[in-house]
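Have the viewer open as you read.

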Amino acid sequence: MGLEEKLPSGFLLTTVEQFAGYARKSALWPATFGLACCAIEMMTTGGARYDLARFGMEVFRASPRQADLMIVAGRVSQKMAPVLRQIYDQMAGPKWVLAMGVCASSGGMFNNYAILQGVDHVVPVDIYLPGCPPRPEMLIDAILKLHDQISATKLGPNRAKEIVANEQLALAAPSTLEMKGLLR
Amino acid sequence: MSNDTEYTQSAATDSGAGSGSTPMSDPYAPGYETSEGRVHTVAGQDWDVVHGAEPGKKERVVVNMGPQHPSTHGVLRLVLELEGETVTEARCGIGYLHTGIEKNMEYRSWTQGVTFVTRMDYLSPFFNETAYCLAVEKLLGITDQIPERANVIRVMMMELNRISSHLVCLATGGMEIGALSAMIFGFRERELILDLFELVTGLRMNSAYVRPGGVAQDLPADAEAKIRETMKILPGRLKDTSDLLVDNSIWMGRTQNIGFLDLPSCMALGITGPVLRSTGYAHDLRKTQPYCGYETYDFNVPTVDTADVYGRFLIRIAEMGESMKIVAQCLDRLKPGPVMVEDKRIAWPAQLAVGSDGQGNSAEHIKKIMAESMEALIHHFKLVTEGFSVPAGQAYAAIESPRGELGAYVVSDGGTRPYRVHFRDPSFNNLQATPAMSEGGQIADIIAAVASIDPVMGGVDR
Amino acid sequence: MSENLNLLIVSGGAAAPSTVHTKHGMFAPSAGGDTSGFGGLVQSFTIGAPSARPYGGDFDVLADAAEEAIKNAGLVVSEVFEKVVVAYGEMTFFVHREHLRAVAQMFRDEPTLRFEMCMGVNGVHYPFEEGRELHAVYPLLSLSYNRRVRLEVAVPDADPHIPSVVDIYPANNWHERETWDFFGIIFDGHPALTRIEMPDDWPGHPQRKDYPLGGIDIEYKGATISAPDKRRSYS
């Protein structure tokens, strides 16, 4: 990546990390991956009332090469899955994926032959947003949570350590079947 | 076609499909042989390889637009054969949003079918629901027993949906052609209508409000006043939006005489809706085969006779005005009364209200079924879990959705679940006109033509 | 409710039988353990019982016009139409597949019929109807006379061929592709009968009744909810 990744770790890097995180989250450009009903809510979020431009995100880049965030908005069918993966691969890092709506998160109400039961089957997802479709305010909430995640991301050698630590956490986390608690 | 030669790799470097004979062998963009010659996926820095055509022969380039594309109106794949900027052949690839809704409905009760059906054509959910419910009510034989208030509410919600759907058509059509302000204006106006939907049904989109037998719940107390208020604001706003584009010389230059489809072609291709009305033929199912009491409302069917994109755009604006007229008439017609059919064996048992836990249970109803009447509890349980049975047979109910004739074909085998449901979606049918409208024109005109058909890929693929 | 025992098949003297679906039991496993008694329930439901004249309303006029057109074309009505069903305010002509194209042409061109538009074709799979499992349904709309009719063709699973009507009603192009994609009905004469909704190399025909819904079990916090087609059903 850039120069910021090559700096040695330490106090200097912390400040750079904060600055880089702030810069990255403030102008996160979404890639247009609107598929179905959630796409319409995503468009209204970019519209005049729920303005995404105040977060620097009104520019929906059609070309994935210029985009940072892929908001998978809508149900992903078996036919669309390779296309989804290809678009994700064409995005240049750092890149994030937001699974918008229950269909993108887990297949939603369509538990059948035609729909991918969650886009995390083909792309790594950073934040899942439930809803059918999620209200624009919910989408903005998810984006802001993702912003927090992005601004806390580390750089360089710290990032490598962070990735390893995240992987350990993910491997140790219980699967949905093993989780305990009320069914709600 | 016989004289065309595709861009081919020169024979010397041709060593079979996907074997990476090019310097940049991209694993995601392999080349492969077809009966028409070698297909090469352009991956960058490989123009010398691609450009193997012999001088003097015509070249044919096949370009793929979509399915991920900002201008193809959803996940539509357009396979274009180009000669320069002119499109010689255009084909649509669909199915990227196929959800298997029709098969899924065979495993759910009749009322649950509404929640599936509403997500097919997601810009006009009320139309999907109404078509399905009309077909089911035909089989049940209760079409005449739907209460008047339910019919008036259905008409009102459908016409509000028509306005919001046409606004999205204008907004996204404008955005695809390049008029980005139309998008901002259109979605802002649409918010007014979505507020009304949220007030009445609880959801902005995909509300599952129209149910077999009537509607899910009555209008809230302040709905009428709020709708009237919105109807006062809306005409001015719609005028602002249409003023952006009507008589706009750039818009007219992009849309006039584009996407021409005359009446015999429309009839041959089974095209209905604004595309058919742009040929001058005033065919509207609300007038010719009315449903839900449409014959008692006073409205016009706008037509133009230019049969081009600009004409269809003008029709949609006029239809929005007509819809506002109908909504005003609905408001005047609302009389207190039930909103569900009287037959207790079909009617949805609960009246919904926001309870103390934020869930939609009406406190009186729960008190009745849990504390007062065992039979009421059993009745509620059976109707909600098992659902009502529908007599065996098949029925087809067609309504006029913003895109054309939306037909619901329903087959029942006498049980509590649909045996087969098929939607004759207007977008699916109308998209077949894309080659007829765009071949011979330029690439930019395909975008305008497809935008004027206004396909919603959820309805196309279901 | 009309799920009562409806065993009688209306005989209209027509060649084709009605579609009768016999259901056994209502819910719960039928092999032992059923104490409700519903396991022994046998219900028969009839779809498409042939109707006899007079059909009522405008349908007699339409049927007369159709029969006239068939006779003028030199065909025999009873060989062309398997049966006529008038139910729920709709009229359906069941056509033998050999005569489908002739009937479609007649229905489109005859001045007394003039069904200019075909609203697409879709399939229905009745696995319990031996020898007539796959039905293709063609709703037609007449703009001149403002009426609708339905043509239905029934073909066996072993030989699922139906002649294509794309050159008569070009609107059916994609609809026939979709019906092939979902049911496996092969439309002979279609210019490009390929898959349209499913990926091009998808095996099987998803909307047939013998094709599973294909969902997965939902597992959450120790509870498992099976896919919709694996759950207990009431009918």
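Start with chain B, where 60% of the 462 residues count as buried. Bear in mind that this is a predicted model. The secondary structure of chain B comes to 18 helices and eleven strands. If you look at contacts within chain B between residues at least 6 apart in sequence, 69% of them join residues at least 24 apart.

**The interface of B and C**

Now for how chain B meets chain C. On the chain B side 56 residues are in contact, and on the chain C side 57 residues. Together the two chains bury about 4,900 Å², with carbon and sulfur atoms giving 54% of that area. Within chain B, the residues that lose the most area to chain C are Lys103(B), Gln394(B) and Tyr419(B), which together make up 14% of what that side buries.

What about charges and polar groups? There are five salt bridges between chain B and chain C. One of the pairs to look up is Arg148(C) with Glu405(B), a salt bridge whose closest N and O atoms sit 2.9 Å apart. Strand β9 of chain B, residues 393–401, gives the most to the side that touches chain C, with five residues. Sorted by class, that side of chain B has 23 nonpolar, 19 polar and 14 charged residues. Across this interface there are also 23 residue pairs in polar contact, both partners being at pLDDT 80 or more.

**The interface of C and A**

Chain C also touches chain A, with 22 residues from chain C and 14 residues from chain A taking part. How many salt bridges are there between chain C and chain A? The count is zero. Seven residue pairs are in polar contact there, again with both at pLDDT 80 or more. On the chain C side, β11 (218–220) and β12 (223–225) each supply at least two residues, and β11(C) has the largest share, with three residues. By class, the side of chain C that touches chain A has 14 nonpolar, five polar and three charged residues.

Here are the two interfaces in a table:

| Chains | Buried area | Given by carbon and sulfur atoms |
|---|---|---|
| B and C | about 4,900 Å² | 54% |
| C and A | about 1,500 Å² | 62% |

**A look inside chain C**

Is Val103(C) buried or exposed? Its relative accessibility is 1%, so Val103(C) counts as buried. Leaving out residues up to four places away in sequence, Val103(C) touches Val80(C), Phe81(C), Val95(C) and Leu151(C). Ala66(C) is 37 residues away along the chain, and the C-alpha atoms of Ala66(C) and Val103(C) are separated by 8.6 Å.

Notes
Residues numbered from 1 in each chain as written. Chains lettered and ligands numbered in written order. Predicted model: local features only at pLDDT ≥ 70, side-chain atom pairs only at ≥ 80, totals over all residues. Heavy atoms only, no water. Contact = heavy atoms within 4.5 Å. Buried area = accessible area lost by both parts, 1.4 Å probe. Salt bridge = Lys/Arg side-chain N within 4 Å of Asp/Glu carboxyl O. Polar contact = N/O pair within 3.5 Å; in protein donor to acceptor, adjacent residues only side chain to side chain. Helix = DSSP H or I, 4+ residues; strand = E, 2+ residues; numbered from the N terminus. Nonpolar A, V, L, I, M, F, W, Y, C, P; charged D, E, K, R; others polar. Buried < 20%, exposed > 50% of the residue type's maximum accessible area, 1.4 Å probe, protein only.
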